[in-house]
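Please look over the chain below before reading the notes that follow it. They are arranged by region.

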Amino acid sequence: MRVADFQFDLPPAQIAHYPLAERRASRLLVLDGQSGALSHKHFADVLEYLKPGDLMVFNNTRVIPARVFGRKASGGKLEMLVERVVSDTRVLAHVRASKSPKPGTELLLGEDGEEVSVIMLGRQGELFELEFPEPVLPLLERIGHMPLPPYIERADEQDDRERYQTVYASRAGAVAAPTAGLHFDQALLDALAEKGIERAFVTLHVGAGTFQPVRVEKIEDHHMHSEWLEVSPEVVAQIEACRARGGRVVAVGTTSVRSLETAARSGSLAPYSGETDIFIYPGYRFNVVDALVTNFHLPESTLLMLVSAFAGYPEAMQAYRTAVAEGYRFFSYGDAMFITRNPAPQGPADERL
């Protein structure tokens, strides 16, 4: 299978650079996995497609202000993007500077009169291990910027602190938002509960690798970046109870899919805490997830491949073709899809977007 099979043309004007005024105001493209039929709705209409007894699984990770600007003690500007917090005072980070800092180098991070001295300890591949003089998370809240995706071509603003964050975010550690969850406000969550739809929360701390392009020709040759996740015993019990009552497991976002399917890699779902590099593309057999809420993803991205595995390749490509033609807003601050799983998904054909 070729990466080029997942290419599509997107007018730049359809990339959403700002969120809508209300979270639930987005459009919703509904893809029926049984028939391939498409319906055009508004996001709040997702209630129509959920049944009492269904279980929605959300990713409760919280985005940290992971982008920090600064300089070397010897001079020269730099930009740091935290990839992962590894301890109270240490991170692994991407550092962009005219010359890569060497071990022992002092970096002065911060702007507007507050600078914090950070020491570069060493490298782990492309990442730099940095030691901070105080706890990292509260420090980033003071001096950091929200790490908007590279396709949002503007500086972060104060409103992004709230809107590039789900309303239920509780466990700090992500450097990118689980964007399908951005459409839910508290009123919609309350409406789900009133309808008898249960909620469960997993954690997957989304890394910057989610935006990295696939640099191979055949997707089977691609190696996924690693991210940390947790599926608790309580979530496993909730899913078992959902199955027992005949409900469906509805994943909110591809990160929830990856969490649940990682925890079921053995063929049966079990609690899991640790790293995952699971790569889901057409041909994958899903063990847990029955339906999916997801945003629209980048061309040739691993997330589009996951959606194609879930919906079927022709069906997913047709949905994206329709979304482009109908002027849907794409990517993190864009519109969403609701997809029920294709029971017999097909792989790439000769068609192209």
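The model is a predicted one. In it, six strands form a closed barrel in the order β5-β6-β7-β10-β9-β8, and their pairing is antiparallel. From one strand to the next, the twist averages 45°. Strands of a sheet pair through backbone hydrogen bonds, in either the parallel or the antiparallel sense.

Strand β5 covers residues 67-72 and strand β6 covers residues 77-85; five bridges link the two in the antiparallel sense. Gly70 has Leu78 of β6 opposite it. Helix α1 (residues 136-143) lies across β5, β6, β7 (90-97), β8 (106-109) and β9 (116-124). The angle between α1 and β6 is about 140°.

β8 and β9 are antiparallel partners over four bridges. Leu109 is paired by a bridge with Val116 in β9. The two strands make a hairpin with six residues between them, and Gly110 in the turn has a positive phi of about 125°.

β9 also runs antiparallel to β10, and five bridges join this pair. Gln124 has Leu127 in β10 as its bridge partner. This hairpin has two residues between its strands. The glycine in its turn is Gly125, with a positive phi of about 65°.

Which residues of helix α3 are buried? In this helix (residues 186-194) they are Leu188, Leu189 and Leu192. An α-helix has 3.6 residues a turn, so residues three or four places apart point the same way. The cover over the buried residues of α3 includes β3 (55-59) and β12. After α3 comes Gly196, with a positive phi near 90°.

His205 belongs to strand β12 (residues 198-205). Is His205 buried or exposed? Its relative accessible area is 18%, so His205 counts as buried, the cut-off being under 20%. Setting aside residues up to four places away in sequence, His205 touches Thr61, Arg171, Ala172, Gly173, Ala174, Glu227 and Trp228.

Thr302 is in helix α6, which spans residues 302-311. Thr302 has 12% relative accessibility and therefore counts as buried. Apart from neighbours within four places in sequence, Thr302 is in contact with Val214, His222, Met224, Phe279 and Ile280.

The loop between β16 (291-295) and α6 holds Glu300. The phi of Glu300 is near 60°, a positive value in a residue other than glycine. With a relative accessible area of 27%, Glu300 is partly exposed.

## Phe331

Phe331 is found in the loop between α7 (313-325) and β17 (336-340). Its phi is positive as well, near 75°, and Phe331 is a residue other than glycine.

## Cavities

Rolling a probe the size of a water molecule over the atoms shows where empty space is left. Three cavities of 30 Å³ or more are counted in this model. The largest cavity has a volume of about 330 Å³. It is lined by 28 residues, of which Thr179, Thr210, Thr254, His297 and Leu303 are the closest to its centre.

Which elements each supply at least two residues of this lining? They are α5 (254-263), β16 and α6. The most comes from α5, which gives three residues to the lining of the largest cavity.

## The largest pocket

The largest pocket holds about 900 Å³ of space. Of the 34 residues that line this pocket, Glu83, His94, Ala208, Gly209 and Gln212 are the closest to its centre.

Strands of the barrel contribute to the pocket lining: β6, β7 and β10 (127-131) each supply at least two residues. Which of the elements gives the most to this lining? It is β6, with five residues.

Definitions and conventions
Residues numbered from 1 in each chain as written. Predicted model: local features only at pLDDT ≥ 70, side-chain atom pairs only at ≥ 80, totals over all residues. Heavy atoms only, no water. Buried < 20%, exposed > 50% of the residue type's maximum accessible area, 1.4 Å probe, protein only. Contact = heavy atoms within 4.5 Å. Pairing = 2+ DSSP bridges. Axes fitted to C-alpha atoms, helices over the stretch in contact; angles between N-to-C directions. 1 Å grid on protein atoms, 1.4 Å probe; cavity = no way out; pocket = protein on both sides within 12 Å on 5 of 7 lines; lining within 4 Å. Points joined across faces, edges and corners; volume = space filled by probe spheres on them.
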